[in-house]
Amino acid sequence: MVNFYQNILQAKKEGKKLLAVLIDPEKIELQNISSFFEKVHQSMATHIFVGGSTDVNNKTEAVVSEIKKATKLPVILFPGDVSQITNKADGILFLSLLSGRNPEYLIEQQVKAVPLLQKTKLEIIPTGYILIDGQKETATQKVSNTKPISQSDIELIKNTALAGEFSGKKAIYLEAGSGAKVPVNATIISLVNDNLKIPLIVGGGIRSKKQLDAAFNAGADLVVIGTAFENDESFFNQLKK
């Protein structure tokens, strides 16, 4: 059985940079998945994340099933809540929202997920999720009823990331939020990366190859791009293998 986390660790050790395409089940049509993945496979994408802050029409399982038909890339759940768990994927980011103080997203959703996860073969990757201010109110803020950390509060961001690592998380995810006006800045990424021993995931607000390279060069091990592809699939042309 493939161990996706070990693959991420190995890539980090070798300095290989990873790119995840984030697919929101509410924003993609099933009939378009096959053609979408023709572009994905021509790009440098290494992983597929599936999830969103909400999934009111319960499309996650159907979308994941269709994605699995279209690709051999690992499909990892990035769930907004317990309702988005499906055994059709390969793994799950078991997220705790460390930047907020709402117990529902620190531990309650995780407890609710346990009975479901025990019935699956999903690889579980405990992940500390830190929402960073991207100068736009995000769906994550609204759903979780929490505030992001200001990009100027760099010590708090670093300490929150380290608290996640010290608590046993296997990865830290710095997230500016879907559709963020600005991505997490390079200074923050660099400081967090310099202090962490575990993989660093960065997402939100990345809309150009220049911004992607900046995140990688600052120390992100895996960058996540979603909205940019939703709005303009030609962005894949900038990310050819």
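This is a predicted model: local features need pLDDT of at least 70, side-chain atom pairs count only at pLDDT 80 or more; totals for chains, interfaces and linings use all residues.

Guide: We will go through the strands first, then a few helices and single residues.

Visitor: Which strands make up the barrel?

Guide: Eight strands form a closed barrel, in the order β1-β2-β3-β4-β5-β6-β7-β8, with parallel pairing. On average, neighbouring strands of this sheet are turned by 30° against each other, direction ignored. The axes behind that angle are lines fitted to C-alpha atoms, for helices over the stretch in contact, and angles run from 0 to 180 degrees between N-to-C directions.

Visitor: What counts as a strand, and what counts as pairing?

Guide: Strands (E, at least two residues) and helices (H or I, at least four) are DSSP runs, numbered from the N terminus. Two strands pair if DSSP finds at least two bridges between them.

Visitor: How many bridges hold β1 and β8 together?

Guide: β1 and β8 (residues 222–225) pair over four bridges, in the parallel sense.

Visitor: Now β4. Is it largely enclosed or open?

Guide: Strand β4 covers residues 91–97, and six of its seven residues are buried, so the rest of the structure largely encloses it. Buried means under 20% relative accessible area, exposed means over 50%, and partly exposed is in between (1.4 Å probe, protein chains only).

Visitor: Which strands does β4 pair with?

Guide: β3 (residues 75–77) pairs with β4 over two parallel bridges. β4 also pairs with β5 (residues 123–131), in the parallel sense over seven bridges. Find Gly 91 in β4: Ile 76 stands opposite Gly 91, and Gly 91 also stands opposite Glu 123 in β5.

Visitor: Which helix goes with β4 and β5?

Guide: Helix α4 (residues 103–117) does: β4, α4 and β5 make a right-handed β-α-β unit. Right-handed means that, with the strands pointing away from the viewer, the path from the first strand over the helix to the second runs clockwise.

Visitor: Pick a residue in α4 for me. Where is Leu 106 and what does it touch?

Guide: Leu 106 sits in helix α4. Leu 106 is partly exposed, at 28% relative accessible area. Not counting residues up to four places away in sequence, Leu 106 touches Ser 96, Leu 97, Leu 98, Gly 100 and Arg 101. Touching, or contact, means heavy atoms within 4.5 Å.

Visitor: What about β7? Which residues are on each side?

Guide: β7 (residues 200–203) has Leu 200 and Val 202 on one side, Ile 201 and Gly 203 on the other, and all are buried. In a regular strand, side chains alternate between the two faces of the sheet.

Visitor: And what are the partners of β7?

Guide: β6 (residues 171–175) pairs with β7 in the parallel sense over four bridges. Three bridges join β7 to β8, and these two run parallel. Val 202 is the bridge partner of Leu 174, and Val 202 stands opposite Val 223 in β8.

Visitor: Switching topic. Which residues touch the most others in the largest nonpolar core?

Guide: That core has 78 residues, and Ile 48, Phe 49, Leu 174 and Ile 225 touch the most other members. Its largest share, six residues, comes from β1 (residues 18–23). A nonpolar core is a set of buried Ala, Val, Leu, Ile, Met, Phe, Trp, Tyr and Cys residues joined through side-chain atoms within 4.5 Å.

Visitor: Which residues of α2 are buried?

Guide: In α2 (residues 33–40), Ile 33, Phe 36, Phe 37 and Val 40 are buried. They cover an arc of only 95° around the axis, so they are on the same side of α2. That arc is taken from the directions from the helix axis to the C-beta atoms.

Visitor: Last one. Is Gln 135 buried or exposed?

Guide: Gln 135 is exposed, at 53% relative accessible area. Gln 135 lies in the loop between β5 and α5 (139–144). Its phi is positive, about 65°, although Gln 135 is not a glycine.

Methods:
Residues are numbered from 1 along each chain as its sequence is written. Side-chain values use heavy atoms; hydrogens and water are left out.
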